[in-house]
Amino acid sequence: MDWVEEKMEKIRIVIRNLPVKKALLAYLLLAALTALILSGATMRICEKWTDILIERQDTAPVIVYTTEGMYRIYEKNHAGLTDRDRKVQLLLEQVMYWCPYLYATVSSLVFGALFYRKRLKRPFGILEDAVDKIRQKELDFTISYESRDEMGRLCGSFEEMRKNLEENQKEMWNLVEEQKRLNAAFAHDLRTPLTVIRGYSDFLIRYLPKGAISQEKLKTTLKLLAEQAERLERFSGTMKSLRSVDEIPFAPERRKTSEIKSRIQGMADALNAAGEVEIRYRHEGTENELLLDEDLLMEVLDNLLSNAIRYADSRVELETKEEDGMLYLFVSDDGPGFSEDALKNASKLYFSEGTKEEHFGIGLNLSAVLCKKHGGRLSFANRAWGKGAVVTASFALTKEI
């Protein structure tokens, strides 16, 4: 029995995989064969009944139409046909004449319906459901029809189209999300430079009318203001041409350690002038010439400072350190520190613990991307002594003594 079932299954698979044209021809041939068999059987039965009626006649011969398309002559041997027999004989003649047409029509309808149910109904239903789901913008499904005929290939083409639509939808979604991320990063990164500018502006407004600022200090302050304004202009120009955060350019240049220290100290002084929290800065290392993307470093510093200031109670500490071909930037505060959840997810985009109106992830996610672009990484920890968070950013650099 297993062998028979296996053979039958193979036959069913072969029939199922026949091209639609050949399958339709096969069903039509079956319909014609069925009509022919039924017509022959019916006409044979009618002939038998006609022979019985002819045997009752005993007078003049009777001519009867037969299945061979000819007339047969029967000799009567009885008293002749009654009116009832004549009516039966006429009915049998009509049945023999019309039964081929009737069986051909019925067989065509039956086998046509069978062909639709076996070969077209299921794939049409699959495609109809797929079209409805696509119309409703639901693409999380699979189109599957196990056949190698035209309908199977059509379902396969629909599946490829669905996959392309799903990929395009995901790509469009990613583009929208990336644009939102880029806009958020742009708005986020404006805050620290604007705070620096505001701090120096307040400083000048407060002390310049009193004549309490020396010419050298005034010159230095104005230079720092110009640098921040230039940096904002350069940053906004760069962001206009970007489609994603990953496209932020990486352009390392030779910089002296003293120049890096001066810029960081100037930012700390300006933020101290703004009076939000106290910012302390120190550097560990010797004077070197570094191959470093200074703008990228300052972007990371901006983001880390911005987050530290928001969560600090009264003090933020900055430290830079050169070691083993890396520049390390440590930013710590005396705030509540990171929770266990934040330590794992702080750099994820839009992560928030609900304690602030803004998100951790906008600035820290951007900082993680920029550190990676510079060959480093971003890490998070809480202070070993006392409360507060510590964020460490590292940058790979080539230093020349």
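Biologist: Which strands form the open sheet, and in what order?

Modeller: In this predicted model, five strands form an open sheet, and their order is β4-β6-β7-β9-β8, with mixed pairing.

Biologist: And which ones are the edge strands?

Modeller: Those are β4, covering residues 278-284, and β8, covering 378-382, each of which pairs on one side only. Neighbouring strands of the sheet are turned against each other by 15° on average, with direction ignored.

Biologist: Staying with β4, is the pairing with β6 parallel or antiparallel?

Modeller: The pairing of β4 with β6, which spans residues 315-323, is in the parallel sense and extends over seven bridges. Within that pair, E278 stands opposite R315 in β6.

Biologist: What about helix α7, which strands does it lie across?

Modeller: Helix α7, made of residues 294-311, lies across β4, β6, β7, β8 and β9, and runs at about 15° to β7, the strand of residues 326-333.

Biologist: Changing topic, how many cavities of 30 Å³ or more does a search of the whole structure find?

Modeller: The search finds two cavities of 30 Å³ or more, and the largest cavity holds about 40 Å³ of space.

Biologist: Which residues line the largest cavity?

Modeller: Its lining consists of V196, Y200, L224, E227, Q228, R263, G266, M267 and M298. The elements that give two or more residues to this lining are α4 (150-207), α5 (215-240) and α6 (257-274).

Biologist: How does that lining split by class?

Modeller: By class, the lining of the largest cavity has five nonpolar residues, together with two polar and two charged ones.

Definitions and conventions:
Residues are numbered from 1 along each chain as its sequence is written. This is a predicted model: local features need pLDDT of at least 70, side-chain atom pairs count only at pLDDT 80 or more; totals for chains, interfaces and linings use all residues. Side-chain values use heavy atoms; hydrogens and water are left out. Two strands pair if DSSP finds at least two bridges between them. Helices (H or I, at least four residues) and strands (E, at least two) are DSSP runs, numbered from the N terminus. Axes are lines fitted to C-alpha atoms, for helices over the stretch in contact, and angles run from 0 to 180 degrees between N-to-C directions. Contact means heavy atoms within 4.5 Å. On a 1 Å grid over the protein atoms alone, a cavity is a set of points where a 1.4 Å probe fits but cannot get out, and a pocket is an open set with protein on both sides within 12 Å along at least five of seven lines; lining residues have an atom within 4 Å of a point. Grid points are joined across faces, edges and corners, and a volume is the space filled by probe spheres set on the points. Ala, Val, Leu, Ile, Met, Phe, Trp, Tyr, Cys and Pro count as nonpolar, Asp, Glu, Lys and Arg as charged, and the others, Gly among them, as polar.
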